[in-house]
Each structure stands twice: as structure tokens, then as C-alpha cells.
Amino acid sequence: MHDLTGFQRDLLYVIAGKDEPHGLAIKEELENYYEKEIHHGRLYPNLDTLVDKGLVEKGQRDRRTNFYTLTRRGRREISAREEWESQYVE
């Protein structure tokens, strides 16, 4: 996870916390957190990067709607990050 941007890590956490969220649900969660609009041109390329890295799987609900889930590797990366963070933050 060390090679991910903070935004990409936030995407992983949102996907981990939801049940097969679609892109717009992820976008809404991040807009609430960042308190600003997240443009499609930022969201979807970063989701595709996470898919390419094997951290996230992309599925299709219908012709227009994709959903996202963490892979085993994605879950392991989050666990490893939490262990690393716990050394510094209690």
C-alpha cells in the first residue's frame, strides 16, 4: 500500500466499509469526507488503478453500473497498514 496515493487509500477504505458499492456511492462517501466535489475524471481512473494493482475487483450490475469489492490482497494490505499505523497511533 506504500505506493498508493492518499486518495487511493481512502478509496480502499470506503470500498471495504460498504457492501459492493457502485462508483457513485463511493463518490458520495468521499465528497462527504473531503467536503468538496470529486470529479469522475479523478474517481474512475483511480478505481481502475486499484483494479490493475489487484487490490479491488470490478463487477457489473447492469450495462451502466459497476460495483467494487476488495480482493484478498486488498484486505491484507489494509490489515498491514492498520498494523503499521498502530505503532504510531494508539
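Me: On a 1 Å grid over the protein atoms alone, a cavity is a set of points where a 1.4 Å probe fits but cannot get out. What volume does the largest cavity have?

Reply: This is a predicted model, with local features requiring pLDDT of at least 70, side-chain atom pairs pLDDT 80 or more, and totals for chains, interfaces and linings using all residues. Residues are numbered from 1 along each chain as its sequence is written, and side-chain values use heavy atoms, without hydrogens and water. The count comes to one cavity of 30 Å³ or more. Taking volume as the space filled by probe spheres set on points joined across faces, edges and corners, the largest cavity has about 40 Å³.

Me: How many charged residues are in the lining of the largest cavity?

Reply: The largest cavity is lined (an atom within 4 Å of a point) by Met 1, Asp 3, Leu 4, Lys 53, Leu 55, Arg 73 and Glu 77. Asp, Glu, Lys and Arg count as charged, Ala, Val, Leu, Ile, Met, Phe, Trp, Tyr, Cys and Pro as nonpolar, and the others, Gly among them, as polar. The lining has three nonpolar residues, no polar ones, and charged residues numbering four.

Me: Which helix and which strand each supply at least two residues of the lining of the largest pocket?

Reply: A pocket is an open set of points with protein on both sides within 12 Å along at least five of seven lines; the largest has a volume of about 170 Å³. His 22, Gly 23, Leu 24, Tyr 44, Arg 64, Thr 65, Asn 66 and Tyr 68 line the largest pocket, divided into three nonpolar, four polar and one charged. Helices (H or I, at least four residues) and strands (E, at least two) are DSSP runs numbered from the N terminus. The two elements are helix H2 (23-34) and strand E2.

Me: Is Thr 71 buried or exposed?

Reply: Thr 71 sits in the loop between strand E2 (66-70) and helix H4 (72-86). Contacts (heavy atoms within 4.5 Å) link Thr 71 to Gly 54, Leu 55, Val 56 and Glu 57, leaving aside residues up to four places away in sequence. Buried means under 20% relative accessible area, exposed over 50%, and partly exposed in between (1.4 Å probe, protein chains only). Thr 71 has 12% relative accessibility, so it counts as buried.

Me: Which residue's backbone nitrogen does the side chain of Thr 71 reach?

Reply: The residue concerned lies 3.0 Å from the side chain of Thr 71, counted to its backbone nitrogen. That residue is Gly 74.

Me: What pattern does the chain follow along the sequence?

Reply: The secondary structure comes to four helices and two strands. Read along the sequence, the pattern is α-α-α-β-β-α.

Terms used:
Polar contact = N/O pair within 3.5 Å; in protein donor to acceptor, adjacent residues only side chain to side chain.
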